[in-house]
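Thanks for taking a look at this one with me. Here are a few notes to read alongside the model.

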Amino acid sequence: MRYLPLTPDDRQAMLARIGAPDVDTLFRDVPKAALAPLAKFDLPDTQGELEVERALSKLAARNVAAGSAPFFCGAGAYKHHVPSAVDHLIQRSEFLTSYTPYQPEIAQGTLQYLFEFQTQVALLTGMEVANASLYDGSTATAEAVLMAQRITKRGKAILSGGLHPHYAETVETVASLAGAVSRTPVTPGSAEDIIGLIDEDTACVVVQSPDVFGLIRNLRPIADAAHAKGALLIAVVTEIVSLGLLEPPGAQGADIVAAEGQSIGNGLNFGGPYVGLFATREKFLRQMPGRLCGETVDAEGRRGFVLTLSTREQHIRREKATSNICTNSGLCCLAFTIHLSLLGEEGLTRLARINHAKASALAGKLAGLPGVELVTDAFFNEFTIRLPKPTAPLVEALAAKGVIAGVPASRLLPREASAANLLILAATETNTDDDFAALIDALKGVI
Amino acid sequence: MSMNNQGRPSGAGEAFPASIATISGDRGLDHEESLIFELDHGAVGVDLPDVKVGDNRLGGMRRKGRVGLPGLSEPEVIRHYVRLSRMNYAIDSGLYPLGSCTMKHNPRLNEKMARLPGFGDLHPLAPQSTTQGALELISQLMTWLTRLTGMPAVAMSPKAGAHGELCGLLAIRAAIAARGEDRKRILVPESAHGTNPATAAFAGFTVDEVPAKPNGHVDAEALKAKLGPDVAAIMLTNPNTCGLFEGEIIEIAKAVHEAGAYFYCDGANFNAIAGKVRPGDLGIDAMHINLHKTFSTPHGGGGPGAGPVVLSERLAAHAPIPLLVADGAGPKGSFRLIEDMAAAPEGAKPFGRMCAFHGQMGMFVRALTYMLSHGRDGVRQASEDAVLSANYILASLKDVMSAPFGDGPCMHEALFDDSFLEGTGVTTLDFAKAMIDEGYHPMTMYFPLVVHGAMLIEPTESESKASLDRFIHVLHTLATEARAKKTERFAGAPHLAPRRRLDETAAARKPVLRWKPDPLKQAAE
């Protein structure tokens, strides 16, 4: 087996040193009945690289990659161009095959990029501090709600109907253990009245902007109303590129920002791994979940970085930890931070404007089609249209014609009758005029 | 002898004293590197057109200020991150004996496969007719996981080990609720990973610690005595964190089930027994599998991981959405994702959703590639080699280091305590840091908590005998020197790493968690 260096002779020599006649002697604590012969595993045997590559490639070929068709899916995962340098750098052995930086003297590379990542996330979101990432945007949102419940010592969480339904379900699954979680009605293309629901028992309100239908929300009035009642505003961002053009949540009074960072540096990967961004105010620092990297000095006075405030974390605090999280999204953070370094201020701003311009152009074209109604009037790179018929079968029909037309709202909200005819479309810098023409042509044929 | 560029042979010359400061601050191949923010000079590393956009579709929410990001060109960005990378230790560059963390070789075929456009560039909500290859891959991985564990079901979406623990406990919680019972207590051995009690508390349970016996095994009698009508589950790691197989596991499982509770197994150490022992045969109800340990998806400096959870018949119905099912309506062999709780098939009662979308697909591709490459025989051989290598280290070092649990064989990791350092003035920390100067990453220190000054060594199956022999020689010599009170190597080690020991106390007392612009420089601008 090509990955196993020990030869049969090596194994014999090692057994001799140990003083064991065979390897099964080393498994002597395992009850005899539980030692399974190889035949008990109904699975194939070792294969060479060529055979494995062939098998996997065959599976991959049965999927339609985003880059191989006119493609308009968003709804929490976005197709962006990732510069070649990013993937090259994250595959360097020293990044790819290192562990969590528990030995800082020989992990300054990882620690320094985490420090840079935390800074970038704080800057982008307009917040004071950020952690070294969580799993993804949805789990970051759930952690944010739990954190708000801890800070306010209240249980009630109010989720906007514009929050991505997968995020809402993730929050409900974990946060309902600590208090009541409710969702406001879904109001595609407009803001619901969430302010009226905030009361003295409310721990937090959770509002996504741009929301799942693409609508840009004004968070300031919600933040003010929440603060007046002693509640926190959690702002959710699923398309982080939007913050190159839009006012960041921190400038609108958000107390915690939970975001998905996939759009910068990371591929679509059929939903994961992604990178959860998590930022907050300095005063809430000690209630924050997840790893944190901090600056310090070494014994010779040189600047260096370490994991810090770990007394919040499970490996020290055990059942009293702020979260059970251990693994984060290290390599995805690295991809994020390299891509954002390549973009810089100018590149990010331009990228964001191109995205908005593409989506605006597409929305304009679609709104001109008979039977198509533009539901979202203020958006970044994603918007929702209403069609005269259910969009789920229509999207499958268009896929058969080679156009991936977007996400039917009913896929996310299957029990919401008003969602049946809605289609959520994203346009990014990767879309061309030809893509737009193909979509318009294909749509004309089915509506 | 090397040649200089005039063709003249260069001699070895005089040694350059380590104490002489260089002009640049760098030392040969060891470069210092500024923060990316300090390298800002208004350049740009991408070429994008300058498109103007109006305000009419922005809802009045256009950004008013700058983000504050630095501007660098591509060569500068590449040099920055390459220099940072060179300050890291990695499994590719050396033996990485971190116990419990399983730093095994990461095959590059896995990386290549994950980057096939059909996987890497596939949208999670693309029409399901266009993602059948991905669904088939998940199905194949599920088959591997259920057959290797002898368990009937698996929940694929958890994003890491601790997330898998949460998934398992939420399934247990749902199963207890479905029985109309209320059980709040979870038994956790004191040797457990910190995530176990943290997860139990996170999932709304109270934690009750079970002591370990002097031989490193869980005290099965104490555990049984703690069982009762309010006990929801036990969380047991097997092989345990002392590197020992819990031989009484089948009786423990029986007692747990008789008390109406569930058996959660922390699968962090599955790599010792994969292809040898099926957890399903031991009476386990739920176990997460760290794909980033046992199945070698790279650790990436702390993630991403993946933590699918295998479930017994008693828990299978409560697996979270999404559920992957065969699509009877589609072409033969097609699959469908059920993403709505209310649309769950007959008998299924999902407890909820762990995360958006369908889990760590990128890790699934890597793990399946690993499995297909190894095959069942290779998986079994890997477990045997991991156990053999750990025992080889234990047998080779126990004369100079102290093994707390006597002469018996260990599983995939060798545990030592610090009694061999008694009276030397050298601590476990000093010993570990001295390993850095010798070119090794230290072992796991001070864990498990049940052993004083613990040193947990996990060599994995990826080391050659020559590599193990060299490692043993270094540790043997270090231990011998320490015991002889020759302590100069240990005092203040490491001396030869990119940094000396770092002041962690200062970092925690006055946290600096981000770069901030120099206020004077900002004012000048």
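1. First, a term: axes are lines fitted to C-alpha atoms, for helices over the stretch in contact, and angles run from 0 to 180 degrees between N-to-C directions. Helices (H or I, at least four residues) and strands (E, at least two) are DSSP runs, numbered from the N terminus.

2. A word on provenance: this is a predicted model, in which local features need pLDDT of at least 70, side-chain atom pairs count only at pLDDT 80 or more, and totals for chains, interfaces and linings use all residues. Residues are numbered from 1 along each chain as its sequence is written, while chains are lettered from A and ligands numbered from 1 in the order in which they are written.

3. Now to chain B, which has 13 helices and 14 strands. Its C-alpha trace spans about 80 × 75 × 50 Å along the principal axes.

4. Do look at helix H5 (residues 161-178) of chain B, which packs against helix H6 (residues 195-202) of chain B at an angle of about 45°, the axes being 9 Å apart.

5. Finally, the two chains: 168 residues of chain A are in contact (C-beta atoms, placed from the backbone, within 7 Å) with 172 residues of chain B. On the chain A side, helix H11 (residues 330-367) gives the most, with 21 residues.
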